[in-house]
Amino acid sequence: MASFRLHRPQTLGEAVRLLEEHGAQAKLLAGGSDLVVNMRMRIETPAHVIDLSRLDELRAIEFDPERGLRIGALVRLNELAEDDLIRLRFPVIASAASQVAGPNIRNMGTVGGNLCLDTRCVYYNQSYFWRKANGFCLKKDGAICHVAPGGKRCWAAYSGDLAPALLALDAAIDIAGPRGERSVKLAQFFVNDGIKKYELASDEIVCGVRVAPEFADWRGVYLKYRVRSSVDYPLAGVAVAARVREDGLCDDVRVAITAVNPSPRLVDGVRELVIGQTLSAETLEQVAELVRRTAKPLRTTVAASTSYRRHIVGVLAKRGLIETLKAQR
Ligand SMILES: Cc1cc2nc3c(=O)[nH]c(=O)nc-3n(C[C@H](O)[C@H](O)[C@H](O)COP(=O)(O)OP(=O)(O)OC[C@H]3O[C@@H](n4cnc5c(N)ncnc54)[C@H](O)[C@@H]3O)c2cc1C
């Protein structure tokens, strides 16, 4: 690991000042379960590391019927998965959080770190030696994309589990920086480019996420396909959230996918197919087709073919809808 200077701010204001001073030379450290791995492989070689772990102001899960849900960026994934309010009133979030990696990583990993995860590719998540021997790649140190040779765009896949669940609830992200605070909808925060990844300046910090009160009590589930269900990143993931009427029909629904594009994506057109309808095999197949068309998996993983990942993301969407609409509260 390359050497770096560690800073341990006590307040958000102090962290913002440090980040303003060191900008692109610095990396924020939350749980470290993604960053430290990347530093060891010399994918990241920051001169300054700013440890956020003392910022207790970013640790709360709060719900207010008027203002909705707020989850601090430093809330750990196991806390989110086990929180009674989240499990009962925002089940799609608990479902996604409980499936990130394995228990030890969920004990370290935070909401902010999970949302700001680096994108992943088999040609990128390798040691410096491996990447150098392969001529590096577009995402880091090189000029070629081994996944789409000739292309100028990076297709590394966004592989976080929490983002689709939060997108399905139309969440917004709170950001602080030297120019003040701002809030942006997750759908606008993520950029479908494996290098740029998000609309976040190098001197900004994610402080938390918000979900509007009208999404409380939406049913929902997150389903993911991975090789080892005890620990692996998703190779495809689908979050389904729906408001269901007393008669069991759906009033509103949102479906979001992950791990099959450089950004997590909300799937357009599902609402029009599903609301007020009984869920027939034909409707389910139409939803699966919309999901498959939104997914653009390329050869970023070795474990499953692109066609299988595109197929399975549709299957997961169908299963997610069935499970969500049949769930008893
Ligand atoms: C074996 C293994 C399996 C994994 N499996 C999964 C999986 O199945 N699903 C999944 O989603 N993830 C997985 N991960 C990735 C990672 O562990 C989790 O996503 C975790 O939630 C990251 O959170 P963290 O707090 O540890 O992030 P860190 O490593 O601390 O940070 C990650 C990135 O986010 C930035 N960052 C952190 N906090 C903030 C903030 N508040 N504002 C702005 N930027 C910030 C950091 O600078 C860094 O670039 C896995 C990791 C490993 C090692």
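**Exercise 1. Describe the setting of Asn 38, which is buried, with a relative accessible area of 3%.**

Solution. Buried means under 20% relative accessible area, with exposed over 50% and partly exposed in between (1.4 Å probe, protein chains only). Asn 38 has its place in helix 2 (residues 35-40). Helices (H or I, at least four residues) and strands (E, at least two) are DSSP runs, numbered from the N terminus. Contact means heavy atoms within 4.5 Å. With neighbours within four places in sequence left aside, Asn 38 is in contact with Ile 43, Glu 44, Asp 118 and Asn 125.

The model is predicted: local features need pLDDT of at least 70, side-chain atom pairs count only at pLDDT 80 or more, and totals for chains, interfaces and linings use all residues. Residues are numbered from 1 along each chain as its sequence is written, and side-chain values use heavy atoms, with hydrogens and water left out.

**Exercise 2. Is Leu 80 buried or exposed, and which residues is Leu 80 in contact with, leaving aside its neighbours within four places in sequence?**

Solution. Start with the element: Leu 80 lies in helix 3 (residues 77-82). Its relative accessible area is 1%, so Leu 80 is buried. Next come the contacts of Leu 80 beyond four places in sequence: Ile 61, Ile 71, Val 75, Ile 86, Ile 93, Ala 94, Ala 97, Val 111 and Leu 162. Last, a distance: from Leu 80 to His 22 there are 58 residues in sequence and 31 Å in space, C-alpha to C-alpha.

**Exercise 3. Characterise the packing of helix 12 (residues 281-294) and helix 13 (residues 306-326).**

Solution. The axes come within 8 Å and cross at roughly 135°. Axes are lines fitted to C-alpha atoms, for helices over the stretch in contact, and angles run from 0 to 180 degrees between N-to-C directions. Angles under 35 degrees count as roughly parallel, over 145 as roughly antiparallel, 65 to 115 as roughly perpendicular and the rest as oblique. Helix 12 and helix 13 are therefore oblique to each other.

For the residues, Leu 284, Glu 285, Val 287, Ala 288, Val 291 and Arg 292 in helix 12 meet residues of helix 13, among them Arg 310, His 311, Val 313 and Gly 314.

**Exercise 4. How does the radius of gyration of the chain relate to that of a compact globule?**

Solution. The radius is taken over C-alpha atoms, and the globule rule is 2.2 Å times the number of residues to the power 0.38. For 329 residues a compact globule would have a radius of gyration near 20 Å; the chain has 20 Å, which agrees. The C-alpha trace spans about 60 × 45 × 35 Å along its principal axes. Of the 329 residues, 54% count as buried.
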